[in-house]
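I opened this notebook to keep a record of what I looked up in a structure that was new to me. The entries follow the order in which I went through it.

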Amino acid sequence: MTKLFVGNIPHASSETELQQWVEAQGFPVESAQIIRDRSTGQSRGFAFVVLDEASKIKDAIAALNGQRMGAES
């Protein structure tokens with residue numbers, strides 16, 4: 001299993017929103033996990049996403065690099 005690091009995500013984002021955003025870019029997601037502070041439960045601004053097709057990781061990195069989640073295209 002290969003995890004894709006996604007940084008700089010909006011703190012108010014949910015795992016469902018993250019998954020939908022990655023899938024909207026054309027990459028089916030197996031799971032998405034936003035990393036949260038243990039004390040407060042607040043998002044730490046980054047997450048890990050597992051794609052359904054591990055072979056698509058490099059394509060996903062190229063497509064998502066520099067993109068902003070929640071920004072209008």
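**Ground rules.** I am working with a predicted model, in which local features need pLDDT of at least 70 and side-chain atom pairs count only at pLDDT 80 or more, while totals for chains, interfaces and linings use all residues. I number residues from 1 along each chain as its sequence is written, and side-chain values use heavy atoms, with hydrogens and water left out.

**Leu4.** I looked up Leu4 and found it in strand β1, where strands (E, at least two residues) and helices (H or I, at least four) are DSSP runs numbered from the N terminus. Leu4 counts as buried because its relative accessibility is 6%; the cut-offs are under 20% relative accessible area for buried, over 50% for exposed and partly exposed in between, with a 1.4 Å probe and protein chains only. Leaving aside residues up to four places away in sequence, I noted that Leu4 touches Ala47, Phe48, Val49, Ile57, Ala60, Ile61 and Leu64, a contact being heavy atoms within 4.5 Å. With Val49, Leu4 has a C-alpha to C-alpha distance of 5.0 Å, although the two are 45 residues apart in sequence.

**Gly7.** I then went to Gly7, also in strand β1, which runs over residues 3-7. Gly7 counts as partly exposed because its relative accessibility is 34%, and it touches Gly45 and Phe46 when residues up to four places away in sequence are not counted.

**Asn8.** Which loop holds Asn8? I placed Asn8 in the loop between β1 and α1, and it is exposed because its relative accessible area is 74%. I also wrote down that Asn8 has a positive phi of about 65 degrees although it is not a glycine. Most residues other than glycine have a negative phi.

**Ile61.** One of the contacts of Leu4 is Ile61, which I found in helix α2, residues 57-64. Ile61 counts as partly exposed because its relative accessibility is 42%. Its C-alpha atom is separated by 9.0 Å from that of Phe5, 56 residues apart along the chain.

**Glu23.** My last entry is Glu23, in helix α1, residues 15-24. Glu23 counts as partly exposed because its relative accessibility is 34%.
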